[in-house]
Amino acid sequence: MSKAVLTVIGTWVALVLTIALPALLPDRWEYYMISPASVGLWMISMLVGPVAVCWKLRSWIRTVPGDPQRPDN
């Protein structure tokens, strides 16, 4: 699997955990943690997050093990 695909899947797993873990909190906290606004922001981050992470890790994604280092790294 390519590094970009692994980066996107890793980002999605992290985002799914951030929306799922507040369900372990008491019921009175759950509404504040999983409000309609936060779910909307989470949905947007599912689209924008992987793009931002791939852009941030672009030099790592471009490298191939065994190749000499690029001058822009």
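This is a predicted model: local features need pLDDT of at least 70, side-chain atom pairs count only at pLDDT 80 or more; totals for chains, interfaces and linings use all residues.
Which residues of α1 are the buried ones? They are Thr7, Thr11 and Leu15. Looking down the axis of α1, you'd find these buried residues within an arc of 65 degrees, so they line one face of the helix.

Now for the helix itself. With 18 residues at 1.5 Å a residue, α1 should span 26 Å, and its end C-alpha atoms sit 25 Å apart, so the two values agree.

Let's take a closer look at Thr7, which lies in helix α1. Its relative accessibility is 8%, and since buried means under 20%, Thr7 counts as buried. Leaving aside residues up to four places away in sequence, what does Thr7 touch? Its contacts are Val53, Cys54, Leu57, Trp60 and Ile61.

Then there's the outside. Met1, Val5, Leu6, Ile9, Val13, Leu17, Leu21 and Leu24 make up a nonpolar patch on the surface, and together they have about 810 Å² of accessible area. One of these patch members, Leu24, lies in the loop between α1 (3–20) and α2 (27–33). Is Leu24 buried or exposed? Its relative accessible area is 73%, so it is exposed, the cut-off being over 50%.

Here are the two residues side by side:

| Residue | Relative accessible area | State |
|---|---|---|
| Thr7 | 8% | buried |
| Leu24 | 73% | exposed |

So Thr7 counts as buried at 8%, whereas Leu24 is exposed at 73%.

Technical notes: Residues are numbered from 1 along each chain as its sequence is written. Side-chain values use heavy atoms; hydrogens and water are left out. Patches are made of residues with over 30% relative accessible area and no salt bridge: like charges are joined within 9 Å, nonpolar side chains (Val, Leu, Ile, Met, Phe, Trp, Tyr) within 5 Å. Accessible areas come from the Shrake-Rupley method with a 1.4 Å probe; for residues, only the protein chains shown count as cover. A salt bridge is a side-chain nitrogen of Lys or Arg within 4 Å of a carboxyl oxygen of Asp or Glu. Helices (H or I, at least four residues) and strands (E, at least two) are DSSP runs, numbered from the N terminus. Buried means under 20% relative accessible area, exposed over 50%, partly exposed in between (1.4 Å probe, protein chains only). The expected span of a helix is 1.5 Å times one less than its number of residues. The arc is that of the directions from the helix axis to the C-beta atoms. Contact means heavy atoms within 4.5 Å.
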